[in-house]
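Subject: Structure handover

Hi,

Here is the structure I promised to pass on to you. Have a look at it first, and then read on for my notes on what turned up in it.

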Amino acid sequence: MTSLKLNLGPQHPSTHGVLRLILELEGELITRCEPDVGYLHRGMEKMAEKLSYIQYLPLVDRIDYLAGFFYSELLCRNIEKALSLELSPRVKAIRVMLLELNRISSHLLWIGAFLMDLGAVSPFFYAFREREVILKYFEKISGQRMMNNYFVFGGVRNDIFDIEEIERFLEILPHKLDDYESIITDNLIFKKRTVGKGVLDPKIALNFGITGPNLRASGVGYDTRKKDSLYEGFSFSPIVLGNQDSWTRYKIRILEIHESIRIITQAIEKIKANPELNNNFINPLNIVLPEGEYYSEIEAPRGVASCYIKSDGKKSPYRLKWRTGSYYAVNLLRKLLVGEYLNDAIAIAGSLDIILPEVDK
Amino acid sequence: MDINKFKEIFENTTTIGEKIYIENNLAETVKFVKENYHFDILKEIIAVDNQENGIELIYRLYSAENEEEALLATIVRDEVESVCNIFDSAYADEKEIYDLFGVRFVGNQELKRLYMPEDWKGHPLRKDYMENDERLNWND
């Protein structure tokens with residue numbers, strides 16, 4: 001049989017950005033897959049070497065526009081560590097609350113988009129309805145729906161308010177999730193397209209550097225929040241499921257939203273117990289990090305994200321490097337799609353929650 | 001570096017975030033660490049251009065079992081052994097470093113431009129990227 005070379009993307013609605021997959025097919029069976037990325041490259045790391053830290057801060061939200069808070073937090077964390085800026089309890093609790101709300105909004109978008117990939121249109125609207133509440137709240141407190149630029153070195157830009165909105169939202173969200181589950185989880189068509197598809201062995205996942213929900217769906221309980229100083233004093237447990245397929249990767253995100261609700265409830269209690277904001281600001285125009293190397297790490301919705309800064313004692317970093325979860329998930333497609341059928345390719349790629357601005361940086 | 005000597009240094013390193021420099025046998029050492037100490041994730045490879053001191057590569061290894069991190073570092077000029085046979089995630093990292101720094105990884109068959117166009121000149125994250133570049137003379 002002659003093999004066929006098929007070009008999937010870069011302008012395909014299901015590639016979540018501009019991802020191009022070069023597939024080699026024998027019949028409908030994929031024999032080789034080569035991802036081609038770089039269509040969204042903005043030179044984030046090169047730009048950092050020319051800008052001062054406060055000039056660079058608004059840019060980092062754009063690395064992953066669906067989870068901007070996480071990247072702001074990474075940069076802030078490095079600088080707070082280098083200059084030993086202490087965060088007040090209220091700032092810490094606000095940050096945890098916003099990070100987890102951001103995780104929920106990111107997972108909700110994924111649920112909608114993934115089901116859309118599989119041809120189910122209505123869950124997309126349901127998920128966006130709930131996500132809208134979170135984005136409206138972000139807009140209220142920071143002025144931006146997605147790229148918030150709200151965390152500043154030493155604190156947050158201004159105090160939060162209208163926290164009852166979030167409390168009301170957290171009360172209804174579990175019922176909404178149950179609604180989703182009643183139409184999705186045991187749906188026969190959904191199960192036929194996801195159960196047993198895209199099986200990711202934990203050994204392969206580790207070898208390919210996969211982290212986050214994708215790794216935990218393969219049965220490895222690695223969650224950096226457990227050792228994170230920001231999450232100290234919060235009781236939660238990382239969700240680990242062991243079925244390794246696309247369906248498990250869907251289920252684990254639903255459960256993670258439930259876990260995030262638990263964390264936010266505790267964070268709101270802490271916010272109420274600490275009424276004083278006490279930002280620990282420094283003059284942002286004169287930030288100079290002492291010579292040395294700094295690492296920071298966080299559990300972002302798409303896997304472990306980290307930021308490395310090498311400073312030579314000047315106003316801008318000597319070298320700044322980002323690690324993003326999606327970059328390794330794209331690389332995994334070379335392995336995961338081989339041996340699958342073409343009509344499953346979109347379902348499997350979608351289940352890994354790839355976001356291309358994060359890959360291209 | 002001899003594996004036994006490395007083993008001695010590696011086991012005596014307790015400070016978190018301390019880099020262990022490896023002069024040669026990089027791939028062999030990484031394999032040794034992976035197999036003997038359960039460092040099963042290569043989180044990332046960081047490249048830093050230190051100009052006259054060469055390019056520094058930092059390998060961040062993580063053990064999900066023991067919840068430990070190890071940093072292995074090496075200084076290269078423009079060629080180094082690839083570790084893509086040991087960690088598949090290195091394909092991605094090495095491709096990026098080749099594109100942005102111009103380090104050639106011997107043994108990685110997939111080295112080509114990643115972010116930059118295929119006919120791009122130079123490697124953008126090198127510190128001497130724009131020196132002697134023809135584009136600087138375009139206005140003359």
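**The sheet in chain A**

A:Asn7 stands opposite A:Ile22 in strand E2 of chain A. Please keep in mind throughout that this is a predicted model.

That pair belongs to the antiparallel pairing of strand E1 (residues 4–8) with strand E2 (residues 20–26) of chain A, which runs over 5 bridges. Another pair there joins A:Leu8 to its bridge partner A:Leu21 in E2(A). On the E3(A) side, A:Leu21 stands opposite A:Pro35. E2(A) and strand E3 (residues 29–36) of chain A are also antiparallel, with 7 bridges between them. One of the pairs sets A:Glu26 opposite A:Leu29 in E3(A). The hairpin of E2(A) and E3(A) has 2 residues between the strands, and A:Gly27 takes a positive phi near 65 degrees in it.

Put together, this is an open sheet of 3 strands in the order E1-E2-E3 of chain A, with antiparallel pairing. E1 and E3 of chain A are the edge strands, each pairing on one side only. From one strand to the next, the twist averages 20 degrees. As a reminder when you look at the side chains, those in a regular strand alternate between the two faces of the sheet.

What lies across E2 and E3 of chain A? That is H11(A), which runs at about 155 degrees to E3(A).

Which residues touch the most other members of the largest nonpolar core? Of its 129 residues, they are A:Phe70, A:Met97, A:Ile354 and B:Ala47. Helix H4 (residues 89–117) of chain A gives the most to this core, with 16 residues. Leaving aside neighbours within four places in sequence, A:Met97 is in contact with A:Ile264, A:Ala267, A:Ile268 and A:Ile271. In soluble globular proteins, nonpolar side chains tend to be buried together.

Helix H3 (residues 68–82) of chain A packs on H4(A) with the axes 8 Å apart and an angle of about 140 degrees. This angle is why H3(A) counts as oblique to H4(A). From H3(A), the residues A:Phe69, A:Phe70 and A:Glu73 meet A:Arg95, A:Leu98, A:Leu99 and A:Asn102 of H4(A). Sorted by class, that contact has 4 nonpolar, 1 polar and 2 charged residues.

Helix H12 (residues 342–351) of chain A is mostly covered, with 7 of its 10 residues buried. The buried ones are A:Ala345, A:Ile346, A:Ala347, A:Ile348, A:Ala349, A:Gly350 and A:Ser351. They pack against E2, E3, H4, helix H7 (188–194), helix H10 (246–273) and H11 of chain A. Just after H12(A), A:Asp353 takes a positive phi of about 55 degrees.

**A loop residue to look at**

A:Ile287 is found in the loop between H10 and strand E6 (292–300) of chain A.

**Where the chains meet**

How many residues does each chain bring to the contact? Chain A brings 23 residues and chain B brings 18 residues. On the side of chain A that touches chain B, at least two residues each come from helix H1 (44–48), helix H8 (202–207), strand E7 (303–311), strand E8 (319–323) and helix H11 (325–336). H11(A) gives the most to this side, with 4 residues. By class, the side of chain A that touches chain B has 10 nonpolar, 5 polar and 8 charged residues.

Happy to talk any of this through once you have had a look.

Best wishes

Conventions:
Residues numbered from 1 in each chain as written. Chains lettered and ligands numbered in written order. Predicted model: local features only at pLDDT ≥ 70, side-chain atom pairs only at ≥ 80, totals over all residues. Contact = placed C-beta atoms within 7 Å. Nonpolar A, V, L, I, M, F, W, Y, C, P; charged D, E, K, R; others polar. Pairing = 2+ DSSP bridges. Core = buried A, V, L, I, M, F, W, Y, C linked by C-beta atoms within 7 Å. Buried ≥ 20, exposed ≤ 12 C-beta atoms within 10 Å, placed from the backbone. Axes fitted to C-alpha atoms, helices over the stretch in contact; angles between N-to-C directions. Parallel < 35°, antiparallel > 145°, perpendicular 65-115°, else oblique.
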